[in-house]
Number of protein chains: 4
Amino acid sequence: MVESPQRNLDAYPHTLQLPTRWNDNDSFGHMNNAMHYQLFDTVVNLLLRDLGSLQEANGASRFLVVETGCRYFAEMAYPDIVNVGLVVRNLGRSSVRYDLALFRNTEREAAAVGFLVHVNTSEGRAIAMDEDLRNRLEKYLRKTASL
Amino acid sequence: MVESPQRNLDAYPHTLQLPTRWNDNDSFGHMNNAMHYQLFDTVVNLLLRDLGSLQEANGASRFLVVETGCRYFAEMAYPDIVNVGLVVRNLGRSSVRYDLALFRNTEREAAAVGFLVHVNTSEGRAIAMDEDLRNRLEKYLRKTASL
Amino acid sequence: MVESPQRNLDAYPHTLQLPTRWNDNDSFGHMNNAMHYQLFDTVVNLLLRDLGSLQEANGASRFLVVETGCRYFAEMAYPDIVNVGLVVRNLGRSSVRYDLALFRNTEREAAAVGFLVHVNTSEGRAIAMDEDLRNRLEKYLRKTASL
Amino acid sequence: MVESPQRNLDAYPHTLQLPTRWNDNDSFGHMNNAMHYQLFDTVVNLLLRDLGSLQEANGASRFLVVETGCRYFAEMAYPDIVNVGLVVRNLGRSSVRYDLALFRNTEREAAAVGFLVHVNTSEGRAIAMDEDLRNRLEKYLRKTASL
């Protein structure tokens, strides 16, 4: 089978290793499908913090999640270390879509790929995100050539 | 705005009420986006049990999750009671796609809609699901007229 | 073996049924030990809400957890319904200790017993809890005779 | 206030850094009290694996948790890195008590201290743990002098 670029580690300009936890596993002895989203969330918010936009309950604006999704290709399980890859797929005035991939330990083909769409909001309404943040996120945009 | 049938409680032939938990809420004081998938999972597996197919680690076959997704329209928060709606969208020989919706307390328009695709497997390979189970799941199939 | 009153359902003046979730189970196919604390938390905060003291991030004061503990006597597992028992064990000026017990489905002897100590705080310092709330909590105090 | 040795990083011969996750935080914007137990669990089971005793659902014997507890001294919050300290407090024929402490980022005084008691079981009954494992665990026993 031809490997799509989205499952290849090279497609992700930003990566972060996160350890699994004992109770990430469910009765099937593998990482539960909902846990993937905890890892997505964690990596996206860490990136935002590193780019100067720590998400806080009482901040002037905050990113709300409006859509998420995940495809599961292979099982992972505690005590795996998950290497999370991130690339910005779309970047709008107020919204950003992150493509994410989970790599088991040292594997280079993703065990799962997903996405998360953030909309910047203030009092429940979409507003333009900070211009500096937007410029910094642009550096993580997927290169057209890799599609 | 025209309400799509998928967000209307009437579109879901099976419903189950699940309480939120204190730590379903994250720093934003609302139910975290990953929690929606815990509720999806819980309701799907309860339905399978009720239809005579309790998912067990050492069962002869087991349903693996191959894809999930969720759109978030409105925030929910502990201590909300979530009314989870379920309808079977596609039913194959070995796979089934459930459409799911989360309704806040007594609301009739979904705060979130999503889906979960199960593939029946034995030793990692897709196999036809039990014929009896398949017949029982058929009763939860979305009526064409409601599309 | 003599049953201690703390494991008997009769020792708990307040009870609430909470369903387990699919991924409360860990690799052992039973409810993970950390999940018990999610149920404790959920029931304590629901009681506080019912007594007029909804815990909110931006409230004038908030109860912080300073100690918790749990003893595990028997395994529980999804899809069990857990009946959570609560009794106020100690009630101070600013603090309250809840004793909690988890009963599997319709069982009357607890599968687990635990406790949670709350201290009412404002800006990180202990302060006297609201007098009305304290009076209402008093009604849930363990009767001396049942010790 | 005199610092007790149990809150000092030096009291723990084994340490492991674990990152917090976005939804470890609850509505109060701090790490929820139940999450501490997820970290305890994770570190204890990783140690057991490193000592040659990976806990598996279908193993010949398995360690069940019979008691846990935690005292919370200071708040932690995502995106903290938690440094988890572990020391073996008691080591019996079939049981072991681990004392655990959570240190916020580079702090040397614990934000929380707790414990977890494991009993080795086979088909629900306590049995002597493997002699090799017991010998290896002995190296993590708390030195009397540090009490």
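How many helices and strands are there in chain A? This is a predicted model, and in it chain A has 2 helices and 6 strands.

**How chain A is put together**
- If you walk along the sequence of chain A, the elements come in the pattern β-α-β-β-β-β-β-α.
- Chain A has a radius of gyration of 16 Å, close to the 15 Å that the globule rule gives for 147 residues, so it is as compact as a globular protein of that length.

**Inside chain A**
- Of the 147 residues in chain A, 42% count as buried.
- Take the contacts in chain A with a separation of 6 or more: 71% of them are between residues 24 or more positions apart.

**Where chain C meets chain D**
- Chain C puts 19 residues into this contact, and chain D puts in 19 residues.
- On the chain C side, α1 (35-50) and β2 (62-72) each supply at least two residues.
- The largest share of that side comes from β2(C), with 9 residues.
- Sorted by class, the side of chain C that touches chain D has 8 nonpolar, 6 polar and 5 charged residues.

**Strand to strand**
- β2(C) pairs with strand β2 (residues 62-72) of chain D in the antiparallel sense, over 5 bridges.

Note on methods
Residues are numbered from 1 along each chain as its sequence is written. Chains are lettered from A and ligands numbered from 1 in the order in which they are written. This is a predicted model: local features need pLDDT of at least 70, side-chain atom pairs count only at pLDDT 80 or more; totals for chains, interfaces and linings use all residues. Helices (H or I, at least four residues) and strands (E, at least two) are DSSP runs, numbered from the N terminus. The radius of gyration is taken over C-alpha atoms; the globule rule is 2.2 Å times the number of residues to the power 0.38. A residue is buried if 20 or more other C-beta atoms lie within 10 Å of its own, exposed if 12 or fewer, and partly exposed in between; C-beta atoms are placed from the backbone. Two residues are in contact if their C-beta atoms, placed from the backbone, lie within 7 Å. Ala, Val, Leu, Ile, Met, Phe, Trp, Tyr, Cys and Pro count as nonpolar, Asp, Glu, Lys and Arg as charged, and the others, Gly among them, as polar. Two strands pair if DSSP finds at least two bridges between them.
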